[in-house]
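Here is a short briefing to keep beside you while you look around this protein. Take a moment with the sequence and the model, and then follow the points below topic by topic.

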Amino acid sequence: MKATAIANANIALIKYWGKRDPELFLPYNSSISLTLNGLNTTTTVEFGGYDQDIFILDGQGIKEGKELEKLVRHLNLIRKIARVSEKAKIISRNNFPRAAGLASSASGFAAFTFAATEALGMSLDSKELSIISRQGSGSATRSCLGGFVEWTKGKKQDGTDSYAEQIALPEHWPNFRMLATIVSTKAKKVSSRVGMAQTIETSPMYSAWLDTIEQDLENVRQGILNKDIGLVGKTAEANCLKMHATMITTVPSIIYWMPATLEIIHSVLEWREKGLECYFTIDAGAQVKIICLEDKVSELTQKLENLGGVKKVIVCKPGQGPKLIKEHLF
Ligand code: DP6
């Protein structure tokens with residue numbers, strides 16, 4: 001009753017922003033992402049022989065607070081589906097800073113769900129795995145597959161048609177790159193979960209977000225299939241700016257950008273104007289991810305590292321879906 005899984009983070013090209021059902025994590029809109037190699041979470045889960053659930057994340061015992069609530073809720077969901085009552089020990093390790101806007105909840109809940117369901121002998125396919133992972137964190141849905149992935153929003157109330165589907169394998173576009181810049185390692189003040197709920201309630205821009213999303217999704221799907229970096233990059237950049245417009249116009253306003261975030265935005269626009277093809281996308285945080293092709297990576301990395309606010313640049317390629325490994329963390 002023990003298993004270990006490793007899952008990669010993903011970054012959305014078309015963002016998930018807003019839940020039509022917060023209990024089941026059902027989104028108002030579909031989203032598309034790239035699963036990244038290089039940013040991952042490894043998780044070992046063991047059921048049986050424990051008096052209480054034990055959670056250790058990055059060497060730290062999680063004993064109280066919102067984070068524990070989220071983990072216990074998810075573990076209870078898996079126990080309910082598997083019809084077991086055994087307590088469990090869960091040890092999890094990220095190879096990148098948690099809660100710094102680098103999608104740790106996506107890789108985290110995908111690895112947790114995969115390891116826990118395997119430890120219980122469930123052998124799920126990627127669709128079933130993504131439906132359960134979704135209920136830990138929406139973006140985790142997309143970390144259940146490799147390469148370019150769409151999380152279809154679905155229509156049903158029970159959420160059985162809201163899951164991840166692969167648009168293209170990582171090998172389809174091997175020279176596609178995302179450069180994750182770290183400008184701040186401070187945990188953000190407003191979580192995505194709270195931010196999106198507040199947006200739906202108070203932003204006058206939210207309906208405009210939903211009005212234009214289908215066209216954005218179609219452009220990025222076509223851009224991926226045709227390996228058209230211009231179409232993918234431009235659409236992803238505009239989509240991210242629209243999401244941030246909804247955030248900025250909530251009451252009270254949520255502004256995730258820091259001065260260094262704007263410094264990178266302006267630089268990308270300037271570099272592009274001078275012929276260096278690159279685009280940006282930003283999640284609910286201060287970090288900026290740059291979208292480009294492999295032949296631009298060394299020039300862009302050097303330029304980014306020369307900007308005052310950039311602490312680190314992590315180069316990410318298209319990555320594989322989650323897998324089981326034999327080396328347990330305990
Ligand atoms: C801006 O998946 O972290 O990164 O479902 O409440 O756990 P919950 O939210 P989360 O939100 C991610 C929002 C985003 C966009 C995206 O990844 O699509």
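Aspartate 58 is found in the loop between strand E5 (54-57) and strand E6 (60-61). Its phi is near 50°, a positive value in a residue other than glycine. Please keep in mind that this is a predicted model.

**Another backbone feature**

- Proline 252 is joined to valine 251 by a cis peptide bond, with omega at about -10°.

**The ligand and its surroundings**

- Serine 137 places a polar side-chain atom 2.6 Å from an oxygen atom of the ligand.
- Serine 139 also uses its side chain: one of its polar atoms lies 2.7 Å from an oxygen atom of the ligand.
- Glycine 138 takes part through its backbone, where an N or O atom lies 2.7 Å from an oxygen atom of the ligand.
- How much of the ligand's accessible area does the protein cover? On its own the ligand has 460 Å² of accessible area, and the protein covers 92% of that.

**A four-stranded sheet**

- Four strands form an open sheet with antiparallel pairing, in the order E11-E12-E10-E13.
- Which strands sit at the edges of this sheet? They are strand E11 (279-281) and strand E13 (312-316), each of which pairs on one side only.
- From one strand to the next, the twist averages 30°.
- Strand E10 (residues 176-182) pairs with E13 over five bridges, in the antiparallel sense.
- To find this pairing on screen, look for alanine 180, whose bridge partner in E13 is isoleucine 314.

Note on methods:
Residues numbered from 1 in each chain as written. Predicted model: local features only at pLDDT ≥ 70, side-chain atom pairs only at ≥ 80, totals over all residues. Heavy atoms only, no water. Polar contact = N/O pair within 3.5 Å; in protein donor to acceptor, adjacent residues only side chain to side chain. Areas by Shrake-Rupley, 256 points an atom, 1.4 Å probe, with all protein chains shown as cover. Pairing = 2+ DSSP bridges. Helix = DSSP H or I, 4+ residues; strand = E, 2+ residues; numbered from the N terminus. Axes fitted to C-alpha atoms, helices over the stretch in contact; angles between N-to-C directions.
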